[in-house]
Amino acid sequence: MSFFSDPDAVARYAEGPVRLVPGFEGLQRMTTLLLRESVPTTGNVLVLGAGGGLELKRFAEAEPGWRFVGVDPSAEMLKLAQATLGPLLERAQLHEGYIDTAPAGPFDGATCLLTLHFIPAEERLQTLKALWQRLRPGAPLIVAHHSFPQAPEEKARWLKRYAAFAVDSGVPAADAERAIAAISEKLPVLSPEADAALLVEAGFEGVELFYAGFSFKGWIAHRPL
Ligand SMILES: C[S@@+](CC[C@H](N)C(=O)[O-])C[C@H]1O[C@@H](n2cnc3c(N)ncnc32)[C@H](O)[C@@H]1O
């Protein structure tokens, strides 16, 4: 979390996802299209881990009638979201804090992009349940984050692929090596099977994988009707 409260690091945030997340632009487009499947044109969308404002901007530009609540514990990242949104901020309420203190909704859809891998499994289950509670019956949740096999050899292979993508995007090799050491030691990453099972345990149904970009995976699931 310290990265997200460091003003210099936050100022450079927007460069990160494009260089580090394979198909980041496509991920945002697919998330928008998946929301559109069921969020009405005047719907309201909950965005967890909204710091930086990249997906808020994308969604707001795609659907001029949608309104948003963006939740994030980092004041610095929310400041960046304000700047990213500019005049679009008028349709977004930014909430500094965790999901348990977020407005109750109910929301027509929710997203959580590049965020759940920071949250340990037990807390992640509570986070998913809190998202579920804030959705209308039948509404979608779309998530994407690091998720790869946890057996040592496979884990090392996927982290190497993450580093190779970063280096191919212009990240110095030594920085990419340091990043994968930090991910390996510090991030509570789950296997894709455990991630999907956690969504089911939280009460979601119809869990479908829609995105796989090397170490990152994305799912759509729905609160049952
Ligand atoms: C890598 S950024 C992703 C931001 C944005 N979703 C995107 O795709 O560009 C991760 C964000 O998650 C936030 N975060 C960390 N722990 C969180 C938690 N428990 N609940 C909600 N957000 C959290 C961080 O402050 C940061 O803004």
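The paragraphs below go from the strands to the ligand and then to single residues.

The model is a predicted one, in which local features need pLDDT of at least 70 and side-chain atom pairs count only at pLDDT 80 or more, while totals for chains, interfaces and linings use all residues. Residues are numbered from 1 along each chain as its sequence is written, and side-chain values use heavy atoms, with hydrogens and water left out.

S1 pairs with S2 in the parallel sense over five bridges, two strands being counted as paired if DSSP finds at least two bridges between them. Within this pairing, asparagine 44 has arginine 67 in S2 as its bridge partner. Between S1 and S2 the chain passes through helix H4, residues 54–62, and this β-α-β crossover is right-handed, a term that applies if, with the strands pointing away from the viewer, the path from the first strand over the helix to the second runs clockwise.

S1 also runs parallel to S4, to which four bridges join it, and valine 45 stands opposite glycine 109 in S4. Strand S2 (residues 67–72) is in turn joined by five bridges to strand S3 (residues 92–96), again in parallel, with phenylalanine 68 opposite alanine 92 of S3. Helix H5, residues 75–85, belongs with S2 and S3 to a right-handed β-α-β unit. As a general point for reading these strands, the side chains in a regular strand alternate between the two faces of the sheet.

Turning to the ligand, which residues are the closest among the 18 that surround it? They are Tyr13, Gly49, Glu55, Asp72 and Leu113, where a residue is taken to be near a molecule if one of its heavy atoms lies within 4 Å of it. By class, this shell has 12 nonpolar, four polar and two charged residues; Ala, Val, Leu, Ile, Met, Phe, Trp, Tyr, Cys and Pro count as nonpolar, Asp, Glu, Lys and Arg as charged, and the others, Gly among them, as polar.

Glutamate 55 has a side-chain N or O atom 2.6 Å from a nitrogen atom of the ligand. The ligand taken alone exposes 600 Å², and the protein buries 95% of that, with accessible areas computed by the Shrake-Rupley method using a 1.4 Å probe and, for residues, only the protein chains shown counting as cover.

The loop between strand S4 (109–113) and helix H6 (121–133) holds threonine 115, which counts as buried because its relative accessibility is 16%. A polar atom of the threonine 115 side chain lies 2.9 Å from the backbone oxygen of leucine 113. Leucine 114 is found in this loop between S4 and H6 as well, and its phi is near 55 degrees, a positive value in a residue other than glycine. At 13% relative accessibility, leucine 114 counts as buried.

Phenylalanine 214, which is not a glycine either, has a positive phi of about 50 degrees and lies in the loop between strand S6 (205–213) and strand S7 (216–222). Its relative accessible area of 36% is why phenylalanine 214 is described as partly exposed. Glycine 213, in strand S6, is buried, with a relative accessible area of 5%.

A further backbone feature is the cis peptide bond that joins glycine 105 and proline 106, with omega at about 5 degrees; proline 106 lies in the loop between S3 and S4.

Conventions. A polar contact is a pair of N or O atoms within 3.5 Å; within protein, one must be able to donate a hydrogen and the other to accept it, and residues adjacent in sequence count only if both atoms are side-chain atoms. Helices (H or I, at least four residues) and strands (E, at least two) are DSSP runs, numbered from the N terminus. Buried means under 20% relative accessible area, exposed over 50%, partly exposed in between (1.4 Å probe, protein chains only).
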